[in-house]
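This report covers model confidence, a sheet and a helix pair. Please keep the sequence and the structure in view.

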Amino acid sequence: RLILAAAALAAGLRLPCAAAGAGAETARQYTRVVVISDTHLSESSAAFKAGMLQDVNAWPDVDLVAVPGDICAKFGTPEEYAYAGKFFAALKKPAAFIGGNHDYIYDAAIPLGNKNRGTPEARSAKLTMFQKTFNTPGPYYSRRLGGYLLVFLSVDNLTSDRLAEMSDGELAWLEAELAANKTAPTVIFYHAPLKGTLLDYHPNVNKPDFVAQPVGRIKKILRKNPQVFMWVSGHTHTGPVQPSYAAPVNLYDGRVTDVHNASMDQGFTNSLYLYPGKVVIKTYDHAKGAWLERLERTITPPAAGK
């Protein structure tokens, strides 16, 4: 539950909702996680985004909503956090929030660009504001759900010029957390994708600012922990129109599937159906009120494949 009290949203666009078929309660053998990424919340798109939230509220089988970063519109100002808190107060499902670059790294006094990184003190204050707004235990944490370990990591480096770099403290915590849960099939949620898991469809894709950093250390951690089989990311705003949205290139280092997510402005959400021994990924088009059946995928955790 958010610390902020619920507040009325602007009159929202009520979009079609399809609970039957892809998310029905019939013989529930799964746990469902809905991913809403890169919300970039502002008044300009409030009605459409509020309608998406109503769709998620109407699905009866949602166990968790994961929000992997860039929740704030641009800078992570107190005003942006206040608006984001009020917006998500309308969500009636349990949620797990993590921070992205727009939630903490920029200095609002300098126009967006390559030289507007905030000071370490300003970044730290915004991470604290994030934690208070969304009532998270910290910038990184985990929880067990449906037999899986779900790990939530924020972009939290206070001094790096990279847009999506973890701190040494976060990396040390991640190593310890994975070492303590070697037998649990694990899904990691982080704002940026793993390097090389998209085709180069845009000049920014697979460049240092648009992949999870530090690249080398993350690779070593994942290789030491074969129980990690899925990485859920946003940041690049990769939507279903891109050929590499759901494609063989998403497989990192031959083993970890990166599940890319569109921004909320694009109107799509992914649902992860966590079954014993498999995860089914489905994409929903909120504007059309329809599932994109051609993009449905099934991923098998390592333990189930032995």
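## Confidence

pLDDT is the predictor's confidence in each residue, on a scale from 0 to 100. This is a predicted model. The protein chain has a mean pLDDT of 90. A pLDDT of 70 or more is reached by 90% of its residues.

One stretch needs care. Over residues 1-25, pLDDT stays under 50. For this stretch the model has 68 contacts beyond four places in sequence.

## The sheet

An open sheet is built from 6 strands. Their order is β4-β5-β6-β7-β9-β8. The pairing is mixed. Strands β4 (140-145) and β8 (251-252) are the edges, and each pairs on one side only.

What is the partner of β8? It is strand β9 (residues 256-260). The two run antiparallel and share 2 bridges. In this pairing, L251 stands opposite T257 of β9.

## Helices α4 and α5

Helix α4 spans residues 168-179, and helix α5 spans residues 215-224. Their axes come within 10 Å. The crossing angle is roughly 10 degrees. Angles under 35 degrees count as roughly parallel, so α4 is roughly parallel to α5.

Which residues make the contact? From α4 come D168, L171, A172, L174, E175 and L178. From α5 come R217, I218, I221 and K224. By class, the contact of α4 with α5 has 6 nonpolar residues and 4 charged ones. No polar residues take part.

How values were computed: Residues are numbered from 1 along each chain as its sequence is written. This is a predicted model: local features need pLDDT of at least 70, side-chain atom pairs count only at pLDDT 80 or more; totals for chains, interfaces and linings use all residues. Side-chain values use heavy atoms; hydrogens and water are left out. Two strands pair if DSSP finds at least two bridges between them. Helices (H or I, at least four residues) and strands (E, at least two) are DSSP runs, numbered from the N terminus. Contact means heavy atoms within 4.5 Å. Axes are lines fitted to C-alpha atoms, for helices over the stretch in contact, and angles run from 0 to 180 degrees between N-to-C directions. Angles under 35 degrees count as roughly parallel, over 145 as roughly antiparallel, 65 to 115 as roughly perpendicular and the rest as oblique. Ala, Val, Leu, Ile, Met, Phe, Trp, Tyr, Cys and Pro count as nonpolar, Asp, Glu, Lys and Arg as charged, and the others, Gly among them, as polar.
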